Amino acid sequence: MLFCAEITDFKIVHNVLRSIAIKDFAILRPMEEGLKVTLDDMKCVETSAYIPCNMFSFYRISEKEDIVLKVSLKTLVEILNIFGDDGNPNLKLTYNSPGSPLCLVMKHKDENITVDCEIRTMNVDETRALSLADECDLNKIVINASILVDLLQRLDNFADEITLTISPDPPYFTLKATGIGGESEVNISKNSESVTVFQCIKTLTSQYSFNLIRQILKVMTYANKVAISTGESGLLGLQLVISSEERHMYVEYYVTSIFIPE
Amino acid sequence: MDGIIPGANVKVLARAINALAKIGDDLFIEAKKEMLTLTTLNLRKTICVRYHLLNSFFSSYEIDENELTQQSRDISCKIHMKTVLPLLKGGSSREKDFLKLEYENNSDVIIFKMKFKCDDILMKHTLRLMDTESLTVEIKPDAGCNNILASSSFFSQLLTMFSNTDDEITLEVSKEKVAARNYIVGAPVRSKSVRSQVNLNASEFSIFQISCETSINFALRPFRTAIQFAESFNLNIGINFDVGGKPLAVILKNPTFEVNFIIATLNPYSDLQSSMATTSIPTKVSNPKNDDPNITVEDQEALLNVNWSEDFDMSEPTSDKADERSKRSGFQEVVKNKNTEAKVAGKRCKDFSLPVDNLPMEVDHEDMDVLPPSPESPRAKKAKLVFGRCFEPTFSETYLGQVLAPNSDSE
């Protein structure tokens, strides 16, 4: 038995996983601290959802080896929603050995229904050595998620690209979206109420495709706070904290910037 | 032109643009000395909606007097509804302190600046405009001889009697009462549709002045949009109309703004043959710029002289003068406008009205074996002109000189 966990009240987990499920397959990595679900899109976008071990009512993992498996995320999300909105189901996950299917047992408390599922798993070939979090070490700003979502939705006027500028001089944080309809620009001061943390070493401007940012907007609506960090290479990291009744889970989103020839 | 709209009125502007977006795809913004007018027309030019925002609507309204003295009395620009709608869409989730509009005459862009109450966040949108055109609507909203006025809740209650699938409403108006129907008496009955009739007395209206009894039929959709807008601000709805066939105006008045919905109408009992397309509202869209450096004078003349009816079968027996005028003005646009966005080019083609009836084929019963060939389509004729060279023999001596190899194709 490599990995075994039980969780109740996972509505928020289901919502988050459903919002990030843009690709078919995801890599599951049960670790000591919790379960990590990662999706990679064309090597330019990486989304990860962390479910900390304290969200589970029971969590046991084999210490001997690193466990990595690839499953169909869409199937997993559908199974999580098998009872729909009603009921308070209890989910038990088990993974016996490398190559064995991922077993899910869903128990509906009130109606005494048990659903037994097995999802086929696949091997994972690549192992990425570099840590994306370390690469985004230049600037960091923590902002209220609801404000950021609202601003991004208003900037989204069929926009193609979004330019992000973080600078130690005013205006501190600028978002600019350009598209066929025109341009939109918004500034947020570091002294604003929604900004909790503002660390800026040097001014950095980078451009990202708005489509990629749109993908993360759905999850951002569930989040309380967003930490935006950028690195010298232009890599953008968004870390979202999603809270539900004193339990927290995290989503990380890394996007590479558009190359602008000099 | 600079205008600052205070927070409370930004909601009005947002709802106004939402209502305008339901009718047309392009928004005309005209800034006059005493008001700002937002106008849109629907595709077939049978509905014209105008929002007049008076000076008092703005906390500050500045317009450069010098720019007004030119041929038109206003500064105007045209913008895609799709460009401006997302800015003001959605509920008032974030309270706004103000919205500022900036436009310089003959500029390519219009600037919307919005300031949010929380956090002092300022958002600036620079929106690209379409080709500059000015619009003259040749209808006065209070030209009709009949007037009725009632509250918006009265009209929205009236609307609940009709279903959402109803397209048209017919009012049979007499001096003492009015009957509202979603069908035409005597017309063939469509199965599966509920026919509703609501009888209203003159006393139920605040104002009911009828000089000329008539039956008037018009589209329900713009009427619904007008009533929804009026209800959100608790405005009284006034309807001014003449006889069936002349345009009807829905007028909403408020101390700071005025709204006119001008809808083309029919008299269902005398105009059964004609369709709504022939009763369009006479409007004129013209481009103030006369010279287009990209098209030479000869090309301009050639474009004017091309007989477009060769391509399109314009065999409609009843074509209204207004319809022809709008078609012709559409062609002037083609000549005079600068050819920039492909989108605008696509829209020009929509001025044409497609034939309603296909000419029936006559079959000769005596010679059933000999089938007449299908009539040559006008397109084929034109294709032969354009691709004429392809129909000639493959080689022509006069062009190239000596024959290197004889024709190998057998014709």
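**View 1. The two domains of chain A and the distance between their centres in the predicted model.** In this predicted model, the C-alpha centres of domain 1 of chain A and domain 2 of chain A are 28 Å apart. The contact between these domains draws on 21 residues from domain 1 of chain A and 17 residues from domain 2 of chain A. Domain 1 of chain A covers residues 3-119, and domain 2 of chain A covers residues 132-255.

**View 2. The interface of domain 1 and domain 2 within chain A.** About 1,800 Å² is buried between domain 1 of chain A and domain 2 of chain A, with 62% of that area on carbon and sulfur atoms. Five residue pairs, both residues at pLDDT 80 or more, are in polar contact between the two domains of chain A, while the count of salt bridges across this interface is zero. On the side of domain 1 of chain A that touches domain 2 of chain A, helix 1 (11-20) and strand 4 (45-52) of chain A each contribute at least two residues, and strand 4 of chain A provides the largest share, namely eight residues. By residue class, this side of domain 1 of chain A consists of twelve nonpolar, five polar and four charged residues.

**View 3. A salt bridge within chain A, formed by Asp41(A) and Lys23(A).** Eleven salt bridges are found in the structure over all chains; one of them joins the side chains of Asp41(A) and Lys23(A), with an N to O distance of 3.5 Å. Asp41(A) belongs to strand 3 (residues 34-41) of chain A, whereas Lys23(A) sits in the loop between helix 1 and strand 2 (25-30) of chain A, so the pair ties together parts that are 18 residues apart in sequence.

**View 4. The interface of chain A and chain B.** Here 21 residues of chain A meet 20 residues of chain B in contact, and the area buried between the two chains is about 1,700 Å², with carbon and sulfur atoms giving 46% of it. There are zero salt bridges between chain A and chain B, but six residue pairs, both at pLDDT 80 or more, are in polar contact across this interface. Helix 4 (145-155) and strand 13 (182-188) of chain A are the elements that give two or more residues to the side of chain A that touches chain B, and the largest share, seven residues, comes from strand 13 of chain A. The side of chain A that touches chain B is made up of seven nonpolar, nine polar and five charged residues.

**View 5. Strand pairing between chain A and chain B.** Strand 13 of chain A and strand 9 (residues 122-128) of chain B run antiparallel and are joined by six bridges. Within this pairing, Glu183(A) has Thr126(B), in strand 9 of chain B, as its bridge partner.

**View 6. The interface of domain 1 and domain 2 within chain B.** Chain B is assigned domain 1 (1-137), domain 2 (140-306) and domain 3 (319-362), and this view concerns the contact of 29 residues of domain 1 of chain B with 30 residues of domain 2 of chain B. These two domains of chain B bury about 2,600 Å² between them, of which 60% comes from carbon and sulfur atoms. Seven residue pairs, both at pLDDT 80 or more, are in polar contact between domain 1 of chain B and domain 2 of chain B. Helix 1 (7-23), strand 4 (47-54) and strand 10 (134-137) of chain B give two or more residues to the side of domain 1 of chain B that touches domain 2 of chain B, and strand 4 of chain B gives the most, with eight residues.

Key. Residues are numbered from 1 along each chain as its sequence is written. Chains are lettered from A and ligands numbered from 1 in the order in which they are written. This is a predicted model: local features need pLDDT of at least 70, side-chain atom pairs count only at pLDDT 80 or more; totals for chains, interfaces and linings use all residues. Side-chain values use heavy atoms; hydrogens and water are left out. Domain bounds come from an automatic or database domain assignment. Contact means heavy atoms within 4.5 Å. Buried area is the accessible area (1.4 Å probe) that two parts lose on being put together, summed over both. A salt bridge is a side-chain nitrogen of Lys or Arg within 4 Å of a carboxyl oxygen of Asp or Glu. A polar contact is a pair of N or O atoms within 3.5 Å; within protein, one must be able to donate a hydrogen and the other to accept it, and residues adjacent in sequence count only if both atoms are side-chain atoms. Helices (H or I, at least four residues) and strands (E, at least two) are DSSP runs, numbered from the N terminus. Ala, Val, Leu, Ile, Met, Phe, Trp, Tyr, Cys and Pro count as nonpolar, Asp, Glu, Lys and Arg as charged, and the others, Gly among them, as polar. Two strands pair if DSSP finds at least two bridges between them.
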